[in-house]
Amino acid sequence: MLNRKGRRWGADACVVGFSGGGVGAEFGDPLRERMVVPSLKLQDLIEEIRGAKTQAQEREVIQKECAHIRASFRDGDPVHRHRQLAKLLYVHMLGYPAHFGQMECLKLIASSRFTDKRVGYLGAMLLLDERHDAHLLITNSIKNDLSQGIQPVQGLALCTLSTMGSAEMCRDLAPEVEKLLLQPSPYVRKKAILTAVHMIRKVPELSSVFLPPCAQLLHERHHGILLGTITLITELCERSPAALRHFRKVVPQLVHILRTLVTMGYSTEHSISGVSDPFLQVQILRLLRILGRNHEESSETMNDLLAQVATNTDTSRNAGNAVLFETVLTIMDIRSAAGLRVLAVNILGRFLLNSDRNIRYVALTSLLRLVQSDHSAVQRHRPTVVECLRETDASLSRRALELSLALVNSSNVRAMMQELQAFLESCPPDLRADCASGILLAAERFAPTKRWHIDTILHVLTTAGTHVRDDAVANLTQLIGGAQELHAYSVRRLYNALAEDISQQPLVQVAAWCIGEYGDLLLAGNCEEIEPLQVDEEEVLALLEKVLQSHMSLPATRGYALTALMKLSTRLCGDNKAAILEKMPLVERDGPQADEEAKESKEAAQLSEAAPVPTEPQASQLLDLLDLLDGASGDVQHPPHLDPSPGGALVHLLDLPCVPPPPAPIPDLKVFEREGVQLNLSFIRPPENPALLLITITATNFSEGDVTHFICQAAVPKSLQLQLQAPSGNTVPARGGLPITQLFRILNPNKAPLRLKLRLTYDHFHQSVQEIFEVNNLPVESWQ
């Protein structure tokens, strides 16, 4: 403030406002009169801010007004404090700092004037939260206002408590809110019910406080009170098993309320597009879904009502579709009759034909949940689901892809694979990996013949080879190796595909492996299943040389090509190293020795710096390449176990050191289990690289609902190196369906104690789950 002698200049002279002339006017100083800027009213402040042409002008106006507001707060002006705080709240809503007004909110709340309380409570809701200790200072003020009996003040206090009330405030003020639940004023009761909902969410143990009044509140006819009561009961049932058992007794009453809504209506002012009070219907249906889940008696009580709602609801408007969708969800979650579930699937099938994309997306998501429990009913809508693959909306086509893959079975695998392969050729790049992975998994489960299986994988590798899973190469080589009658057919198909395109690395790797194994059949030309193909040795060698010299070839791909050239030296010329480079013996995929991926990895590791990573969780150890040396005899199919002693004839013959016995298998470890979802770890330490640990995580789901959007992330100590491979998918089907697998590569050269920190995120039963935990009980064999 300026004194009468006008000695104080600067910031104070520019921020303090006067409403009838200032010090400069009193002394007749025109210069000082121009420097004193009056404080603006709220309406004038809004107009001036909106009239600012640049952001700099807006900041200048706000800075000047905030200086006025600070000065007013310092002066302690009780008359205009609420006006200054109102302006500050507007500034806060524009995104500018307003924290210096927090204590003024407390002063206004403690005031006896309603105008002060109204702005003070509004400021508390906007400026205070649980991170500020100042919010605890208003607990006594709220308690006093709740006990005064003045309805507008009680409403302000309840709104503030339900917005920013912390757990401590909820515990302290729960008795006052309980008393207001049965107040005669509907205005106060409605706000008290919503405050109780907030308290239950903050402090679930307060359920016993609000349980008794709910039964009486269910008899209310007031729309707001009844809707709030249903919401409160829903919160109680979700957080308290005792409350769930208690409210199962009121299922007949809830059924009666909903039947009245459907048949006679509740209140015309709450009807929307001819649907009687859809908000109340939806809330009741959600509560019935919770009460009927895993409870036979409650489910039977509501079966007839759900059928009535499903058949009588008007679907020409979006409000009716909302009610119908909640009805379908309730039918799916409770123990409903078989005919009722078929009706729910048919409703979702009609949703697929709706012009609204949101409704179609909801239908696809719901059908994906139902496909495990009502597979035959969902199968009837398979043509419509396949049509949704052609949607331009990415989210719709992704949901349609997931549902289409879930619908594949042994009877429709050929037709569905044709549709999915056509979609793979034209689908967006972000869906190509999921589509390719899904096709490979479905083909592995339901392939009618080995030749069809090989053709399907080849088509995927040709179309989207760069997007396939890491184990696709190993799976196809194992499949071809086990189909002796198709060796000639496979090598010719792969040779033709390699001659046309060498950019798809997984395809090139499989083709190089197959040419190296069965190159003699390629030159023989005795395959009658496809058109005759005349190939000479120079063409085959030139093609492999092209692969070696291509800049697109990965190190692993060059390793395959080099191995193929070495093996062709025995296939084509009859070199005396035939025993060393003979054809790979057939090994059972799940056998105790090793899987096909591990053998390929060992073979390529002898010739290149990289090799395919085994991903099968069942593998326990790797075959050493030297084990194949004892198979020189043509009548021996499987290599015998080498004698580890130094006196072994084979070791002396090659003048090599003795081969140590294979390491003992590392036991698997279960690290996570929640609501039927399990996470297991299996371990492999390659003998040729003991510092490397391969961990395969396997996620299985034995619950009744699918696990979607599954993501597993990991971290290790800084002394270790971790590489995460792509998972096999992101959906774990219910009831023990096909699990998700993912490979972790951990390099531990110092043999440091291994600790693993995992972060799981997924959706299960319409809820997002996030778990972060540390695994510090890994087997000692995994790192020593």
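Ala556 is buried, with a relative accessible area of 13%. Buried means under 20% relative accessible area, exposed over 50%, and partly exposed in between (1.4 Å probe, protein chains only). Ala556 sits in helix α32 (residues 555-573). Helices (H or I, at least four residues) and strands (E, at least two) are DSSP runs, numbered from the N terminus. The C-alpha atom of Ala556 is separated by 9.1 Å from that of Gln505. These two residues are 51 residues apart along the chain.

The model is predicted: local features need pLDDT of at least 70, side-chain atom pairs count only at pLDDT 80 or more, and totals for chains, interfaces and linings use all residues. Residues are numbered from 1 along each chain as its sequence is written, and side-chain values use heavy atoms, with hydrogens and water left out.

The protein contains 34 helices and eight strands. Of its 784 residues, 50% are buried. Contact means heavy atoms within 4.5 Å. Among contacts with a separation of 6 or more, 65% join residues 24 or more positions apart.

Ser72 lies in helix α5 (residues 55-75). Ser72 counts as buried, at 11% relative accessibility. Residues up to four places away in sequence aside, Ser72 touches Asp77 and Gln84.

Helix α27 covers residues 450-464. Its 15 residues should span 21 Å at 1.5 Å a residue, and the end C-alpha atoms are 21 Å apart, which agrees. The expected span is 1.5 Å times one less than the number of residues. The buried residues of α27 include Trp452, His453, Ile454 and Leu461. The buried residues of α27 pack against α25 (413-426), α26 (429-446), α28 (472-482), α29 (487-500) and α30 (505-524).

Five strands form an open sheet in the order β1-β2-β3-β6-β5, with antiparallel pairing. β1 (669-674) and β5 (721-724) stand at the edges, each with a single partner strand, so one side of each is left without a neighbour in the sheet. The twist averages 20° from one strand to the next. Axes are lines fitted to C-alpha atoms, for helices over the stretch in contact, and angles run from 0 to 180 degrees between N-to-C directions. Two strands pair if DSSP finds at least two bridges between them. β1 and β2 (residues 677-684) pair over five bridges, in the antiparallel sense. Gln678 in β2 is the bridge partner of Glu673.
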